[in-house]
Structure formats: C-alpha cells, structure tokens
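Please keep the sequence and the 3D view at hand while reading.

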Amino acid sequence: MKTVEEIKAAIEVAVPGARAEIVPNGSPSAEHSLLLDAAHAFAVAKFLRDDAELKLDFLSNVTGVDWLDKETTEKVKVTHPVEKEVDGVKTIVDETVEETKKTVTPGYLEAVYHLYSMAKKHGPVILRIRTGNRSDKVELPSLTPIWRAAEFQEREVFDLFGIIFTGHPDLRRILMWDEFKDYPMRRDYVDPDDYEYEPTPHDEVLKRAQAHQAAAKTEAAQ
Amino acid sequence: MSESLLETWNRPPVIEADGEGELLEISMGPHHPSTHGVFRMDVALDGERVIKLKPVFGYLHRNHEQIGQTVGYLQMMPYTDRLDYFCSLTNNWAYALTVEKLVGQAVPERAEYIRVILAELTRIQNHASTIGFLTQEMGASGTPLMYAFREREKILDLFESLTGSRLMCNYMRFGGCRVDMSEAHLNAARKVVAELPQFIDEFENLLTSNEILMARCQGIGVVKPELAVNAGITGPMLRAAGVNYDIRKVDRYGIYDRFSFRVPLGEHGDIYDRYMVRVLEMRESLKILEQALKDIPAGPFVDPKAKIRGFKPKPGEAYGRIEAPKGELGFYLISDGGTSPYRFRIRPPSFINLTILEDMCLGQNVADVVVIFGSVDIVLGEVDR
Amino acid sequence: MLGEGLLKGLAETARNFAGSFVSKERLTTVQYPEERHPLPEASRNFPFLVYDGADWEAGLRCVACQICEKECPPKCIYIEKSKDKKPDYAGKLQIYPTQFDIDISVCMSCQICVEVCPFEAIKMDNEFELATDDRFGGLLQDRKQLAKPNEYYHKIHPTEAAEVDARLAEEKAKVEEKARAAAVAAAAKAAAAAPKPAEGAQPQ
C-alpha cells in the first residue's frame with residue numbers, strides 16, 4: 001500500500017482543489033492521518049473508494065472527537081507611549097511593560113474515519129474532517145452515500161457530539177431518546193442532577209449529593 | 001444536493017404494499033424473548049409481509065466511552081468485559097492490543113499462546129450459543145441450546161478456575177496476562193478440547209440436515225457480497241456472503257500466522273450459510289486449539305517491565321482490532337499524555353452488522369424477521385455500550 | 001427420504017435422553033440448593049478484609065492507605081482514616097481505617113483492589129448468596145461485616161493464603177532481624193561511649 005505521503009499526492013492529483021494535510025501520530029503505532037477540508041471530503045472519499053490501486057471499500061470505524069477551546073496565556077513585552085513628567089516637563093515617553101496576553105484557539109469537532117480494503121487486504125487509511133467551531137458551524141458532509149457502514153455510526157456521532165452530517169439519509173438520534181437535548185459526549189457536558197441516592201458517594205459525587213440534599217432540604221422547608 | 005448523491009445499490013429496497021387496507025405498525029420489543037436483549041424494531045406490516053423496519057436501540061446505553069475517558073487505562077479493563085458479555089476474553093484482548101499499540105509494548109510468547117487458547121475457546125462457546133439461540137427462536141424449545149450450554153459449561157469452568165470468574169474475566173493485561181496458566185489448567189483445557197469434536201458431531205447430526213431448519217433458513221435473509229462489504233459487515237455474516245476477510249489472516253495479530261487453519265466461506269449469504277460458517281469455524285478453532293496446546297512454550301506470562309497501572313502514554317493515537325466471534329471489534333484510543341485517554345472509542349461489530357437488518361427483512365414474513373435477527377448474532381451490551 | 005434429517009435429530013435426542021439415565025456426563029443438572037457445585041479455588045465474588053488473630057479490630061491488616069479506593073473502577077470503596085495508630089503484624093505502628101465501606105451493589109468483582117493492595121489486607125471472597133430486600137443499606141457492607149479471619153481465607157483459597165502467609169512471615173522475619181541488628185549495634189555503641197573505669201585515672 002502507498003504511504004501517507006503518496007496517498008496525499010494521489011488525492012491532490014485526482015481531486016483538484018482538495019487540500020490534504022498529514023496529521024502526525026505521536027505514538028509508536030505511527031499511523032498518520034490525513035486531514036481533509038469539508039468542501040472536498042466527499043469527492044476525495046469517492047476517489048479513495050473507487051481508485052484501482054487503493055480500493056478502500058471497507059469503512060471500519062467513524063469516531064467523533066471534541067476538541068475544546070484552548071486558552072493560552074503568555075507574557076508579552078508591549079511598548080506604549082505614556083505621558084510622564086521628565087524634569088518637570090510633560091512629555092510623551094515610550095514605556096515597555098510586561099502584560100499577560102490571553103489567546104483562545106477556537107475548538108472544533110472532528111470526525112475520524114478508518115478505511116481498510118477488503119479487496120486488497122491493506123489499510124488503515126485514516127481521514128479526519130473538522131468543523132468550523134463547536135457552536136454554529138457544525139456541519140460536515142456525510143460519507144454514507146459512499147459507504148453504507150457510516151449510516152449508523154454518523155447517526156451516533158450526531159447524537160453524542162452534535163455534528164450535523166449533510167446528505168445523511170436519516171439523521172436522528174440513535175442511542176439517546178429523540179427528545180433528548182444537548183450532546184452527552186462533549187467534554188463540557190454537565191449531566192443533570194437527577195440520580196438516585198447512592199450510599200457511598202465520594203469526591204465529585206459526594207459534593208453533588210450534599211448540594212442536592214441541601215437544596216432538597218430548603219425546598220422542603222419552604 | 002443530498003438525494004442525488006445517494007447511490008441506489010446500497011440503499012434498502014423499496015417495497016410497495018399490495019394488499020388492501022392499512023399497514024399494521026408494531027413495535028417488536030424492547031421486552032421480547034427473541035430480541036437478544038433490550039432491542040426494539042418498529043415494523044410496518046402488510047398482512048404478514050414487512051414493508052418497513054426501523055431498529056431502535058439505546059436501552060442499554062451505559063456510556064462506556066465516557067467512563068473510559070475518566071478512569072485510567074487499567075480500570076477500563078473490567079469495563080471491556082461487559083461489552084460483549086458472552087466473550088469477555090476477546091474484548092479484553094482487543095483493548096490490551098490497542099493499548100500495547102499505543103505505548104509500543106511487546107508481549108512474551110507464552111502470553112500470546114495463552115491469549116490464543118482462551119480466545120479460541122471463547123469463539124467456540126460463542127458460536128455454539130448463537131446457534132442454540134437461533135434454533136430456540138425457530139421453535140426448537142431449547143434442545144440444541146441446552147446441548148450447547150452443556151459444553152459451554154465445561155469451557156466456563158475452565159475460565160473460572162483460571163481467571164476467577166465465568167463471564168467477567170478481566171484477565172488480559174498490557175504486556176501479557178494477569179496470572180499464569182499452570183500445567184494443571186493446560187491439562188484441563190486439553191481434556192475439554194478432546195471432548196469437543198464429538199459434541200460438534202452430535203450438534204451437526206441434530207441440526208444440519210434437519211428439514212425444518214433448512215426450510216426456514218435457506219434462501220432467507222440473503223446478503224449480496226458487495227452490499228456486505230460496503231455496509232461494513234464483518235465476522236461470520238460477511239464470510240457467509242462469500243467475502244474472504246478474516247482479521248486473523250489479514251492483520252496476523254498475535255501469533256495467528258503460526259497456526260494453520262482455514263477460513264470457511266459461504267455461497268448464498270443466507271441464514272443457513274451463516275449457521276454452517278459458524279459450525280465450520282468451531283471446527284477450525286479446535287484445530288488452532290490443538291496446535292496451540294501442543295506448542296505452548298515455557299516463559300514469562302507477562303512482560304516484567306510492562307507498566308500496568310498509573311502510566312501516561314505519549315500523546316498519539318492507536319486503532320487496534322481483532323476478529324472477535326461476532327465480527328471486527330476495534331478500539332480507538334487518543335492519548336493526550338494523561339492517565340486516562342482523551343478519546344476512548346469502541347468499534348462494535350454488532351452495532352454495524354445491524355445496518356443491513358432492514359435490507360434483509362423487507363419483503364419477508366414477520367416470522368422470518370426473528371430468525372434473520374438471530375442470525376446476525378448481536379449482543380446489546382456491544383450495540384449500546 | 002423426506003424427513004431423514006428429522007429422524008437423525010430425533011435419534012440424537014433419544015440417545016441423550018436414554019444416556020442421561022446411565023452416564024453422568026449426560027445428566028448435568030445440579031439440584032441446587034440441596035446440591036452445590038464445588039467452586040474452583042480461584043473463584044471470586046466480592047472483597048473482604050483479612051484479620052490475623054482473634055480480635056478483628058486489633059488484627060485488621062488494612063492500614064487505610066486508600067490505594068484500593070483510588071484504583072477501584074466504579075469507586076465503590078469508602079475509607080476514613082483513624083487519628084491514632086495501632087501495631088501491625090510486624091509490630092510497627094500504623095493507622096487503621098475507622099470506616100471501610102464497600103457498596104456491593106456497585107462493586108463489579110474485578111479484583112483490582114486485591115491486585116494493588118501492598119499489605120495483603122483485602123482479598124476476594126466467593127460468597128454469592130448475599131441477596132437482601134433492603135435496596136440501599138442492605139448491600140452496603142461495613143468494616144465489621146467485611147472483616148473475616150485469616151483461617152477463613154485459608155479455607156477458601158488455600159494455595160493463595162499459604163503464599164501470602166509465607167510472604168508476610170518473611171517480611172516479619174526481616175523486620176525482626178533488622179530490629180535485633182539495630183539493638184546489638186546500639187548496645188555496642190553504648191558500651192563504647194561509657195567512660196572506661198579507672199583506666200584513665202592515674203595514681204597521683
């Protein structure tokens with residue numbers, strides 16, 4: 001099978017305009033993945049399935065990943081013109097101060113596809129597609145028309161992460177019930193405080209149990 | 001844009017209702033003796049024929065993946081037992097394999113042999129139980145099921161004397177196994193393996209040329225190989241459709257390349273082929289077991305330098321998969337350098353094999369739906385996680 | 001002939017039916033609860049705490065290190081440490097748990113607590129007839145219910161218990177050896193440091 005670089009080159013030749021970026025994998029398994037842009041992902045996937053040499057006809061796994069907004073603080077030296085009194089005369093002087101600058105790298109949701117070939121018995125080829133952000137730009141093209149295997153798995157990613165797959169024939173919740181709100185597998189999901197009494201709560205569960213019992217007591221007292 | 005992109009060959013067929021009157025819409029499940037757990041199918045019937053079938057599940061959703069992201073790597077091992085609760089040792093192996101891939105951990109030879117022995121025993125007891133449940137749903141009132149369970153008891157007794165528990169074994173560790181398989185255990189395993197061929201012969205005597213089984217299974221629930229490959233079907237269902245893809249032969253994980261065994265393939269892709277593929281796979285597993293029990297070397301059962309708990313893998317990811325009795329069981333771990341994975345994903349074979357349930361059942365009688373569903377061989381612990 | 005397969009199957013069933021009257025392996029039913037299937041030695045169900053000697057409070061091996069609490073996957077163990085100390089099997093003063101609860105409705109019998117305990121204090125029991133009709137309190141086992149003597153441990157897991165005892169005896173012997181060596185060294189030092197009588201005193 002071709003290496004990741006060769007596959008990237010083949011994609012860029014076959015689908016003009018497609019951008020494929022290699023995302024390195026730090027672990028010893030060294031299975032690097034290809035980051036595709038959402039606009040061309042469908043055409044690239046179709047090429048990967050139908051190409052005579054790659055023949056990636058088996059979609060093994062569709063995963064959703066939630067990457068949160070990352071806030072980094074760094075100390076920067078900034079030069080300001082400041083009004084100061086020098087020798088009794090008010091002048092404008094350049095002053096360098098150290099300020100803490102907070103930058104927020106916006107987070108995104110990601111869909112990871114693992115492809116194998118049953119015809120040629122090789123693989124895996126790992127594709128990644130990322131959304132714009134985590135709140136309003138959460139649409140990705142569905143690869144279900146190409147591989148039927150994605151049908152239930154994309155529904156699960158929609159259900160648990162909130163990525164909307166355009167082109168999916170039947171996008172609705174699969175594991176949670178239809179009226180459920182919110183997306184449980186996101187990293188900032190807070191589960192509702194409706195669990196039953198637990199005899200040995202500790203750590204987080206104990207804190208919530210105490211808050212819950214205090215709230216119940218004030219409610220009963222009212 | 002969306003509708004025109006859908007190809008038609010891999011979508012479910014559209015069946016027209018040709019009777020008069022309304023369609024009867026039933027919910028089969030979730031409390032149902034034949035749905036292998038809490039599983040629901042919303043079927044719309046025209047008389048006896050199925051016009052529409054939508055599977056509904058999620059009743060056993062226990063958010064395994066969320067738990068995997070909060071507890072450590074070792075703590076997740078007993079949770080993986082509970083995925084496909086019939087085959088806890090293969091689940092353990094898939095998870096241990098993935099973590100070993102993530103950290104680059106090697107496994108000593110004896111441990112690999114032990115893993116193969118236990119995995120093949122698991123495969124035999126799983127296939128026997130599946131065939132037993134299939135015939136139970138056809139009305140055989142438990143006779144083949146109880147014969148299968150009688151042999152399964154012998155295998156589970158082996159598991160209990162080795163790991164401490166019949167079903168929730170929690171036995172594999174990263175870099176080997178938890179305890180060694182002593183000579184007494186190996187002799188007990190040899191005794192069980194010596195008695196199994198006779199059981200499979202009796203089982204086949206009972207079932208293979210049975211006219212009722214043939215009438216209810218042949219030609220029912222046919223899956224074409226192209227659709228099976230495109231829909232991500234793996235395991236005996238795929239091989240019954242004629243596609244030669246067994247992960248033990250393709251990936252050659254563990255030491256499977258040392259054993260000589262064949263991969264049984266079906267021709268028609270119907271339920272009878274799936275039954276025969278499972279019976280033949282039981283016989284092939286016996287061959288592997290005989291070879292493994294003969295050749296198992298002495299040595300350490302776990303890598304002494306392996307880190308089993310409290311370790312922090314380097315940031316990276318790994319996807320490890322094995323040929324579980326139900327299909328391809330895969331684990332996808334993304335590590336961010338912490339003590340628990342950043343993303344813990346289970347690729348469940350039963351969940352994905354259900355994709356074409358609708359295709360197989362449309363146009364068939366409602367009585368066939370139960371049998372087709374039984375031949376897919378699902379376990380709700382895996383479907384819902 | 002139509003029906004041949006059915007007849008073959010019926011012959012098989014008849015063989016099993018008739019055989020169950022004569023051969024033990026065809027009749028596999030165990031008439032529970034009058035008969036019990038013997039459990040293998042490694043069989044595990046829920047944990048229990050081991051104590052040495054006759055007094056369960058004084059002989060409890062657990063030193064409340066809370067490692068099992070941290071490593072438990074479903075977090076079913078709850079430990080509270082004591083303020084004072086008591087001597088352990090080797091004579092060293094250790095803290096002990098004033099509260100050690102295991103919620104067996106949460107426990108998944110995974111045995112990780114046994115694997116990580118450095119003091120051989122918690123082991124797996126194989127008692128499974130623990131059904132109760134009290135949903136919340138009845139399945140919460142406290143320190144007193146969990147503490148079982150070392151003799152009980154020998155009864156249910158003989159080989160394991162023998163190994164554990166050998167290891168603990170070795171540890172105890174090492175501690176005593178060190179204590180004796182320290183005492184000898186201390187005595188020698190005391191003798192050397194004491195002023196030598198009449199040696200330094202010269203006749204004037």
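In this predicted model, five strands of chain A form an open sheet, in which they follow the order S1-S2-S7-S6-S3 and their pairing is mixed. Strand S1 (20-23) and strand S3 (58-67) of chain A stand at the edges, and because each has a single partner strand, one side of each is left without a neighbour in the sheet. From one strand to the next, the twist averages 25 degrees.

Strands of a sheet pair through backbone hydrogen bonds, and they may do so either parallel or antiparallel. In the case of S3(A) and strand S6 (residues 108-117) of chain A, the two run antiparallel and are joined by nine bridges. To find a place where this pairing can be followed, look for Leu59(A), whose bridge partner in S6(A) is Leu115(A).

The sheet also has a helix lying across some of its strands: helix H1 (residues 4-14) of chain A lies across S1, strand S2 (33-36) and strand S7 (122-130) of chain A, and it runs at about 165 degrees to S1(A).

We can now turn to the place where the chains meet, where 42 residues of chain B are in contact with 32 residues of chain A. Several elements of chain B each supply at least two residues of the side that touches chain A, among them helix H4 (88-103), strand S6 (316-324) and strand S7 (327-335) of chain B. The largest share of this side, five residues, comes from S7(B).

How values were computed: Residues numbered from 1 in each chain as written. Chains lettered and ligands numbered in written order. Predicted model: local features only at pLDDT ≥ 70, side-chain atom pairs only at ≥ 80, totals over all residues. Contact = placed C-beta atoms within 7 Å. Helix = DSSP H or I, 4+ residues; strand = E, 2+ residues; numbered from the N terminus. Pairing = 2+ DSSP bridges. Axes fitted to C-alpha atoms, helices over the stretch in contact; angles between N-to-C directions.
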